[in-house]
Amino acid sequence: MGRRLYHALRERLVTGELVPGARLSETEMASTYGVSRQPVREAFIKLAEERLLEILPQRGTFVSQIDVPAVLSARFVREAVEADIVKLLAERGDGALIVRLRQALREQAAAADAEDPARFLALDEAFHRELATSGGQGASWDILQPLKTQMDRVRHLSARSFPLPALLAQHQAVVDALEARDAAAADAAMRGHLRKIIGDLPQVIEASPDYFRNAEGPNPEGYA
């Protein structure tokens with residue numbers, strides 16, 4: 001139950017259901033999920049290690065703000081890893097993978113047409129995981145998970161106001177390049193896709209300033 005509780009709380013934090021600044025009670029969470037306080041306490045500690053919660057002695061446990069430098073760092077690492085993955089896949093050529101990715105794009109299109117950002121982002125996550133595992137880099141994708149936590153929080157915020165068809169078109173460009181076995185185009189498409197968050201971030205911060213910390217000043221060199 002402890003692991004399920006951790007994942008349930010993590011999902012609520014990453015998607016923004018539990019908003020930054022909200023105070024979380026061990027007692028209330030234990031009652032909500034029908035568990036003792038011990039697994040809640042353990043989940044809180046683990047989530048604090050991921051910088052999703054802040055545990056303040058004598059004050060309580062609070063949902064953390066999104067750390068902007070952590071978002072930018074995660075984007076930088078993801079670009080390096082995923083650009084190499086798609087280049088590898090393009091050079092290899094895999095017809096069965098293209099079939100799976102085309103089906104994934106159809107499902108994403110349906111979510112975009114339905115204006116369902118939560119569904120679209122779940123499919124987006126599956127799309128990137130499929131690329132990683134098909135490239136033999138499933139372990140690398142697992143390593144990225146805690147690194148990209150803050151980036152994922154921004155993605156859920158931005159999906160509420162930015163057009164989903166634009167993201168779908170970026171995925172389409174990646175798949176087209178893979179099908180053409182054009183490694184350079186696949187590399188460029190993935191880098192462009194993952195750099196979109198840099199352009200979106202100022203607007204997201206402006207719309208929800210209380211959700212962020214360390215948002216002042218220019219981007220670090222190498223992130224623009």
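Mentor: We start with helix axes. An axis is a line fitted to C-alpha atoms, for helices over the stretch in contact, and the angle between two axes runs from 0 to 180 degrees between N-to-C directions. Keep in mind that this is a predicted model.

Trainee: At roughly what angle do the axes of α2 and α3 cross?

Mentor: The axes of α2 (residues 26-33) and α3 cross at roughly 115° and come within 9 Å. Angles of 65 to 115 degrees count as roughly perpendicular, so α2 is roughly perpendicular to α3. The crossing of α2 past α3 is right-handed.

Trainee: Which residues make the contact?

Mentor: From α2 come Glu26, Thr27, Met29 and Ala30, and from α3 come Arg37, Val40, Arg41 and Phe44. Sorted by type, the residues of this contact are four nonpolar, one polar and three charged.

Trainee: How are α1 and α3 placed relative to each other?

Mentor: The axes of α1 (residues 2-14) and α3 (residues 37-49) come within 9 Å and cross at roughly 50°. α1 and α3 are therefore oblique to each other. α1 also passes α3 in a right-handed crossing. On the α1 side, the residues that meet α3 include Leu5, Leu9 and Leu13, and their partners in α3 include Val40, Ala43 and Leu47. The residues of the contact of α1 with α3 divide into nine nonpolar, one polar and three charged.

Trainee: What is leucine 178 in contact with?

Mentor: Leaving aside neighbours within four places in sequence, leucine 178 is in contact with Val86, Leu89, Ala90, Ile98, Leu101, Leu131 and Ala186.

Trainee: Last, how do I read phi?

Mentor: Most residues other than glycine have a negative phi. Glutamate 115 has a positive phi, near 55°. Glutamate 115 lies in the loop between α5 and α6.

Trainee: Is glutamate 115 buried or exposed?

Mentor: Exposed means over 50% relative accessible area. Glutamate 115 has 67%, so it is exposed. Arginine 181, also not a glycine, has a positive phi of about 55°, and arginine 181 sits in the loop between α9 and α10.

How values were computed. Residues are numbered from 1 along each chain as its sequence is written. This is a predicted model: local features need pLDDT of at least 70, side-chain atom pairs count only at pLDDT 80 or more; totals for chains, interfaces and linings use all residues. Side-chain values use heavy atoms; hydrogens and water are left out. Contact means heavy atoms within 4.5 Å. Helices (H or I, at least four residues) and strands (E, at least two) are DSSP runs, numbered from the N terminus. Angles under 35 degrees count as roughly parallel, over 145 as roughly antiparallel, 65 to 115 as roughly perpendicular and the rest as oblique. A crossing is left-handed if the near helix is turned anticlockwise from the far one by less than a right angle, and right-handed if clockwise. Ala, Val, Leu, Ile, Met, Phe, Trp, Tyr, Cys and Pro count as nonpolar, Asp, Glu, Lys and Arg as charged, and the others, Gly among them, as polar. Buried means under 20% relative accessible area, exposed over 50%, partly exposed in between (1.4 Å probe, protein chains only).
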